[in-house]
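Dear colleague,

I am passing on the structure we spoke about, together with some notes on what turned up when I went through it. Please open it alongside this message and read the two together.

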Amino acid sequence: MFLVSRRWTWSKVSAIQYERRLLSLIHEQEAAVLVTSKSFDPKAFLSVVHPNATYQDLVQGIAQLEASIDARSEAIRVLVEENFDRFVAVKAANDALFAEMKEGLLSPESDYASRPLRDQLKQAAKKANQVFLPVLENAAKAQRLRTTLRVFERSKFFFNLPSSIIESIEAGRYDLAIRDYKKGKMLLESRPGQLLPSAALKEGQTVASGDPQQRRILEKVWGSVEKALGEMRNVLVAQLQDSSRTLEEHEKTIEVLLDLPAGDDPIWIYFDSQHKHILEAMKKTYLFGTAVIQFSDYATAAIETTALENEPGILASQIAGQLQTAMIALEGKQTESIVGGARSSAESVWQTVHDMIKSVSETMLSTLPGFCKISKNLMEGKYRKHQGSNTGSRRSPTQSRTMALDVVKYYISLISGFFTLSDMAVMSHNLNNPLPSNLPQDSHSLSTAHYLMKVLGELQETVNDLDGLEISSEVPSLLKNFLDSAKWRFLDVLVGAWLRGIILFQPGQFLLYHSLPDAKLFYLLENWVASPTDMSATHFTNQIELFQRQLTTAAFKLAGGMDLSASGLAKSSKQYAIPQAFVQKVTKAFFDALYAFMDGLVLLASDESPIATGKLLAIEASSIGSNPLELLDLKNRDTRKLIVISNLTYLKNVAIPNMLNELETALGVSILEERQALLNSVHDHDKTLFDSYVKPKAKSAMDILRSGILDSNMDWYETPQPTEIRSYMYETLIYMVGIHAQVTSAAETLLDRTLSTVVVELAEEALRCFRQVKRFGMGGMLRATLEIEFMHQTLGRYVTPSAAKTLSDLYNKISQAYSRRPGDENLQSNLDGVKKTLANTRRATGIEFLCFRQTKSSGSRSASSRTHKDEGSRSAKELESNRQ
């Protein structure tokens, strides 16, 4: 049927192709030759259809055709007229059916509906091959197997047992090898007659009492089996001692070994080998890491030693420069890793320390969890059912827990030895406990804080993993003490870099100490740029706040305020209360650092200031913007004093209260006594610097004033009525203008305080000088009153109540020392002249002393100034009343 269908299909295809060729040949002539065509050509028709017809035949044919055509045309016309609507409907239906069949079923693309049929026939043939060929092949294989099985003898399994066991071992199918071994042993012990049919044993006869030759054959075969099984045991023991294999593989190997005949207990083989491997791997990793750290540290120390020999202060400048880079990164709100490693020369050493701790932890945790799981399974009796066929062991299962505990203790000893850890109570009482020599010695405190938190986070993660292993009841307390000791030591290291100073290097057997705490080096970061938040202070004060906040936060985290492990940080940023000992340590370090900052500020105002000695750090690009202080001569000590005093004022009033409030909130402590002591210290520093600036200025002004009052050429009794103010008073006030200009340009907030202090000194000096004048004549009294009143009114904005009282005493002294003489009756007219001279002088010097004029911002002093002026005027009135 299949062949018939194929032949039919081929005939149909041939006919279609022939028809296509025929149509293609007559396509050009059909329009002219076909009678039914609209473009019918008679000449072409005659030449093609009737090429041999005579003329008479053609004429006759034409007549017959005309008659036939006319008759047919008439019949057709009548038929069409009667059935025109039917013709139209049939025509439309035929056209639609033809178009649909041409586009669908009988389309040329489907070979006019023959392709689907051909495809179905092909698929049927393929499916038949897939179904029937395997059946035929399997039938042939089955026949071959049946033929082969007939050839094998009944004892084939036993004699092929050694080779089959070896093949299973090579393929790693140890369970199959054990199954074959047990089956062969069962045949040998229970049914030896089936192995050698000719050696059928009598009832009650054993293999040992059978044919010796047959017994030797069986023993030789079984010896080969035992040898193959011994090789498998050696392979499995080697795998059991391989620490790179997974826990599942070790468990499977143990179970296989337990199924083998008597031998060493595989569980304790595993415990002993893994215990030894873990300890050796941790020691190897630790020694390699410490060697790399020491090499890096010694290389850095050698460079720093050379630098110290060439220039003692170069290391401090280097660390300060690195600290400045870190502070700029911190101000730019960079990530903590960028801030901690910002251009720090110790970054490579710190990273090596972190990598060493991480490697030791990973070395332990890569094997110890599997060790503990198998130990737990042993304690729960999981391997008890297998140990019946084994010789077992007299060792207690609890010994495995002791071995795991030894691993934990060894890990703690390695880390403790590296960081010189001991009990926290011991370290807390030893204030001079040296810092670990393995840590980088040229690391600034921000870098130290960053890497200490990374290392502590790694230790916390390891401790969390060890806690989850449930090794023994001793482990949690052991790990807690270890972690507390690490926290205390790390906090001690941070405080050392923050405040106390560090050990620079350790050449040979001698330790060289050099105190370079960041708090005492921090003054080197002062770049004399105005603060963007408060123009009365420099940007240095903002850096102090940011630096203290950053290190206090790091100290809080190191003390246990946050879980620094990766899993802890991923869960939440929850804060925890820290022990009181840590709180006291952090608080003390915080205050000691602030005291160090105060000392640094005082040093900035001295001649040892970096800008005065030409050792100012290069200012790196930052977002501070314009700097109005760059116009000042910062090498001038007085200018620096004013800026430092302004910084102290800002710290005392704004920064320090804010920092202390944040510290109290974060640590949950009250520090009223420490706060007051610190503010008192700031006040003392401020007073010392202010006095060192104001007293020389006041002395110079008083010298000018004294030289004018106690001038040897001046006779206060005989001098005539004044018509002008002497030059010494102008010189004194011009000197005050210079002070005003300097203070305004450097620290305008100190202007009132400075000038008020100088005015007090001037008033007291004037009083002391006039007390040395025994008596005043009319002219001397008026001149003294005129000159002091001119100074009083010019500096009235800065006259304090104390100065006003002193001036009042001065006027009283002049009044009391006035000695009346004949001709002094016209006092009022003389006073009017003095007032006129005073007014004229004030107008004439208005531009020169414009800086002393009252402003709207100082309106609160206006009433006081007017009071002082009224008191000066009353002194003259008192003279007139005394005369009367």
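Thr-420 sits in the loop that runs between α17 (398–419) and α18 (424–429), and its phi is positive, at about 50°, although the residue is not a glycine. Please bear in mind throughout that this is a predicted model.

A positive phi also occurs at Trp-528, which is likewise not a glycine and has a value of about 55°. Trp-528 belongs to the loop between α21 and α22, and with a relative accessible area of 2% this tryptophan is buried.

The loop between α21 (518–521) and α22 (539–561) also holds Ser-531, a residue that counts as buried because its relative accessibility is 1%. The side chain of Ser-531 makes a polar contact of 2.5 Å with the side chain of Asn-542, and a polar atom of the Ser-531 side chain lies 3.4 Å from the backbone nitrogen of Asp-534. Leaving aside residues up to four places away in sequence, Ser-531 touches Ala-537, Thr-538, His-539 and Asn-542.

For the protein as a whole, the model has 33 helices and two strands, and 44% of its 884 residues count as buried. Among contacts with a separation of 6 or more, 77% are between residues 24 or more positions apart. The accessible surface comes to about 47300 Å², and carbon and sulfur atoms account for 55% of it.

Two helix pairs may interest you. In one of them, helix α15 (residues 347–365) and helix α19 (residues 445–468) have axes that come within 10 Å and cross at roughly 0°, which makes α15 roughly parallel to α19. On the α15 side the contact includes Trp-350, His-354, Ile-357, Ser-361 and Met-364, while on the α19 side Tyr-451, Leu-452, Val-455, Leu-459 and Leu-466 are among the residues involved. By class, the residues of this contact divide into nine nonpolar, six polar and five charged.

In the other pair, helix α24 (residues 580–604) packs with helix α27 (residues 672–709) at an angle of about 5°, their axes being 11 Å apart, and α24 and α27 are therefore roughly parallel to each other. Here Phe-591, Leu-594, Tyr-595, Met-598, Asp-599 and Val-602 of α24 meet a set of α27 residues that includes Glu-674, Arg-675, Leu-678, Val-682, His-685 and Leu-689. The contact of α24 with α27 has nine nonpolar, two polar and three charged residues.

Finally, I would point you to Met-282, which lies in helix α12 (residues 266–310) and counts as buried, because its relative accessibility is 0%. Which residues does Met-282 touch, not counting those up to four places away in sequence? They are Val-360, Thr-363, Met-364, Val-407, Tyr-410, Tyr-411 and Leu-414. Of these, Met-364 also takes part in the contact that α15 makes with α19. As for Tyr-411, its C-alpha atom is separated by 7.5 Å from that of Met-282, although the two residues are 129 residues apart along the chain.

Conventions
Residues numbered from 1 in each chain as written. Predicted model: local features only at pLDDT ≥ 70, side-chain atom pairs only at ≥ 80, totals over all residues. Heavy atoms only, no water. Helix = DSSP H or I, 4+ residues; strand = E, 2+ residues; numbered from the N terminus. Buried < 20%, exposed > 50% of the residue type's maximum accessible area, 1.4 Å probe, protein only. Polar contact = N/O pair within 3.5 Å; in protein donor to acceptor, adjacent residues only side chain to side chain. Contact = heavy atoms within 4.5 Å. Axes fitted to C-alpha atoms, helices over the stretch in contact; angles between N-to-C directions. Parallel < 35°, antiparallel > 145°, perpendicular 65-115°, else oblique. Nonpolar A, V, L, I, M, F, W, Y, C, P; charged D, E, K, R; others polar. Areas by Shrake-Rupley, 256 points an atom, 1.4 Å probe, with all protein chains shown as cover.
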